[in-house]
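Subject: Structure handover

Hello,

Here is the structure for your files. My notes on it follow below.

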Amino acid sequence: MAIHDTIGYCTYFDEEIVMETIENAVDPERVAGEDPRKFFLSEAQHEKLARYLNAEINIPILWSEEKELSILRKIVIAVDRNTMKYIPSEILDGVNDANFQLEDVLARSLKDNLVPMLASAIPLPFLPGKIKRKILEAAVDVIVDAAAQATTIDEKVEAYLSKLRD
């Protein structure tokens, strides 16, 4: 077998592993006993949260709403992935459970600490710092409020969007 055949086979094998990991949304770096999911929000929730951020925050450097929404969707996915890495799933699952209510002290702590953590974990060099922080604060506020107020993130985003429509 020629060297280029071996390299080609290894590349194909690596791509298959990556695709399988992505398809199963499993984080291979998590230790045993941890939640294997990479995300706590669904694709539909990514879209809804991105639409809320798009309505709430204007990114003046972008030339179209479609591109702005697409970039915000990618930022929401990065927020979801990075939040899942550091916050226990027992807390994050509360955003989809209307019977769950996060204690006020934990909600304040999350709001105080999660935004700076995400700001350092998610490089957005194309955005001015103030806009990056505003996006992250708005996303974290919706997520934490959904867990702290005995509602779901879907209900929270819909309430925010309906306020913006009025």
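Is Arg73 buried or exposed, or partly exposed? With a relative accessible area of 27%, Arg73 is partly exposed; buried means under 20% relative accessible area, exposed over 50%, and partly exposed in between, using a 1.4 Å probe and protein chains only.

Some conventions before the rest. This is a predicted model, in which local features need pLDDT of at least 70 and side-chain atom pairs count only at pLDDT 80 or more, while totals for chains, interfaces and linings use all residues. Residues are numbered from 1 along each chain as its sequence is written, and side-chain values use heavy atoms, with hydrogens and water left out.

Overall make-up

The protein has seven helices and zero strands, so the order of elements from the N terminus is α-α-α-α-α-α-α, where helices (H or I, at least four residues) and strands (E, at least two) are DSSP runs numbered from the N terminus. Of the 166 residues in the protein, 37% are buried. Among contacts with a separation of 6 or more, 65% are between residues 24 or more positions apart; contact means heavy atoms within 4.5 Å.

Salt bridges

Side chains of opposite charge can pair when their charged atoms come close. The whole structure holds five salt bridges, each being a side-chain nitrogen of Lys or Arg within 4 Å of a carboxyl oxygen of Asp or Glu.

One of them joins Arg73 and Glu47, at 2.5 Å from N to O. This pair links distant parts of the chain, since Arg73 lies in helix 3 (residues 65–86) and Glu47 in helix 2, 26 residues apart. Glu47 is partly exposed, at 25% relative accessibility.

In the salt bridge between Asp141 and Lys111, the closest N and O atoms are 3.8 Å apart.

Helix packing

Two packed helices are described by the angle between their axes and the distance between the axes.

Helix 2 (residues 43–56) and helix 6 (residues 129–148) pack at an angle of about 130°, and their axes are 10 Å apart. Axes are lines fitted to C-alpha atoms, for helices over the stretch in contact, and angles run from 0 to 180 degrees between N-to-C directions. Helix 2 and helix 6 are therefore oblique to each other; angles under 35 degrees count as roughly parallel, over 145 as roughly antiparallel, 65 to 115 as roughly perpendicular and the rest as oblique. Their crossing is right-handed, meaning that the near helix is turned clockwise from the far one by less than a right angle, with anticlockwise giving left-handed. On the helix 2 side the contact is made by Leu49, Tyr52 and Leu53, and on the helix 6 side by Ile135, Ala138, Ala139, Val142 and Ile143. By class, this contact has eight nonpolar, no polar and no charged residues. Ala, Val, Leu, Ile, Met, Phe, Trp, Tyr, Cys and Pro count as nonpolar, Asp, Glu, Lys and Arg as charged, and the others, Gly among them, as polar.

Helix 3 and helix 5 pack at about 115°, with 10 Å between their axes, and their crossing is right-handed. Val79, Asn82, Thr83 and Tyr86 of helix 3 meet Leu114, Met117, Leu118 and Ala121 of helix 5. The classes in this contact are six nonpolar, two polar and no charged residues.

Loops

Lys38 sits in the loop between helix 1 (3–24) and helix 2 and is partly exposed, at 22%. Lys38 and Thr83 are 45 residues apart in sequence, with their C-alpha atoms 9.3 Å apart.

Ile61 is in the loop between helix 2 and helix 3 and is partly exposed, at 45%. Beyond its neighbours within four places in sequence, Ile61 is in contact with Phe126 and Leu127.

Regards
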